[in-house]
Amino acid sequence: MRIEKDSMGEMEVPDNALFGASTQRAVLNFPISGHPMPTAFIHALGTVKWACASSNETLGRLSAEQSALIQSASLEVENGTHDQHFPVDVFQTGSGTSSNMNINEVIANLASLASGNPIGSKEPIHPNDHVNLGQSSNDIVPTVLHVSVALALREKLLPSIDHLADLLHAKSQAFNDIIKIGRTHLMDATPLTLGQEFSGYAIQARKGASRVKRAIDCLLELAIGGTAVGTGINTHPEFGNTVCKNLAEKTGLNFREAENHFEAQGARDDCVEVAGHLTAVAAALTKIANDIRLLGSGPRTGISEISLPSTQPGSSIMPGKVNPVMSEMLVQACIYVQGLSQSVAICGRDGHFELNVTLPLLAHCLHESIECLSNSTRTFADRCVAGIEANTTRCRELVEQSLMLVTALNPYIGYDNAAKVAKQAHAEGKTLKEVVLELELLDEKSLDQALDPSTMVNPS
């Protein structure tokens, strides 16, 4: 252990730690969950600190040498080189001050080592005076929250959903000519093609991708420049705008300074809106996963219109049983995400006066949601959807057994007669054709044309 000092006095810090006294106090104060802040959040902290150092140099507040040391160390954090030096628990101070000081200390110590000074010396870079120059945890942490979540949405979730949509579209094309029975209220309805059914799933996924893009747009305003309460005390008036330009250039996202810094720090409505989009995406994925596992139910006593890939044994007692585990996995992930999204909504209420004090939990919930949705969606796409095969024999068999083909007879014999035919056929175990001919409601040629399922899937 080494001894370091902060504004509260001396503190023992592990010799090999790049952080200092402030971080160590947080480690001791918050032994809560064992979950540190999300790595994506930490990496974005590095990105934002890089942008801040560059901006302070541009605005004449840091020397080129000081800025270079901070930028170099910040980029090492961004690249994940020092992840093990960010141990602060998610359940910490609500502003995320402990995590902001964590990176300030790590960057300062990396700068000390790079310039030949001992760790903890705060030479030539001080964690507060230089790394945190023109900043407050109250504007830095909301800024990092937006940047990190926007990047995660773009780089992880959006590609996964696009991938699923592509595979579902390919299946809809492959199944386009396979006629099957439709179902509403879980009961037999009129026919459609398996391809049409899968086209609905593909569009659900496409709309999910659009919702992710809208979620990214929610996060492009940044709080940086507001400092403690939104007034911008102790920072250059152009600092926020300059940082946003640096971040936009580096990431390719159109980050901009918040129109109103008091809203940007006191409220987290933007994050609640993002959670709403994630809730909608999770609902769509659940619907797709459930339909697919029901369509594949059986293999002999269920619907069994499609066959799902076999990925693992399904039972420890029933030999040969195979279950729709990929659908079950995705549904569970979506349930989890919707629960996390509800936590985000509750966090959004806790903006008291000039600061929301649930920022670390917001970061955890949103990043956890994106991680789980991204991984579960891609796994479901690759290990389930890609291997789905149509059971054409079963589809045809169920169409032939369905009584709802009678709907096509409405224009010929009227609704009441059609209902009478359906009920009699069901009660007597006869086909629709047999009953119609028996009741002499239509001649055989016209009846065969009317009951042809291929004319019902594209009536135009």
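This is a predicted model: local features need pLDDT of at least 70, side-chain atom pairs count only at pLDDT 80 or more; totals for chains, interfaces and linings use all residues.
Leaving aside its neighbours within four places in sequence, which residues is Gln 66 in contact with? With contact taken as heavy atoms within 4.5 Å, the residues are Ile 125 and His 130.

Residues are numbered from 1 along each chain as its sequence is written, and side-chain values use heavy atoms, with hydrogens and water left out.

Gln 66 belongs to helix α3, residues 64-78; helices here are DSSP runs of H or I of at least four residues, numbered from the N terminus. Between Gln 66 and Ile 125 there are 6.9 Å from C-alpha to C-alpha, although they stand 59 residues apart in sequence. The side chain of Gln 66 also reaches the backbone nitrogen of Ser 63, at 3.0 Å. Gln 66 counts as partly exposed because its relative accessibility is 22%, and that class lies between buried, under 20%, and exposed, over 50%, with a 1.4 Å probe and protein chains only.

I turn now to a pair of helices. Helix α6, residues 137-174, packs with helix α10, residues 269-295, at an angle of about 20 degrees, their axes 13 Å apart. The two are therefore roughly parallel, a term for angles under 35 degrees. Among the residues that meet are Leu 145 and Leu 168 in α6, and Asp 270 and Ile 292 in α10.

Thank you for your attention.

Terms used
A polar contact is a pair of N or O atoms within 3.5 Å; within protein, one must be able to donate a hydrogen and the other to accept it, and residues adjacent in sequence count only if both atoms are side-chain atoms. Axes are lines fitted to C-alpha atoms, for helices over the stretch in contact, and angles run from 0 to 180 degrees between N-to-C directions. Angles under 35 degrees count as roughly parallel, over 145 as roughly antiparallel, 65 to 115 as roughly perpendicular and the rest as oblique.
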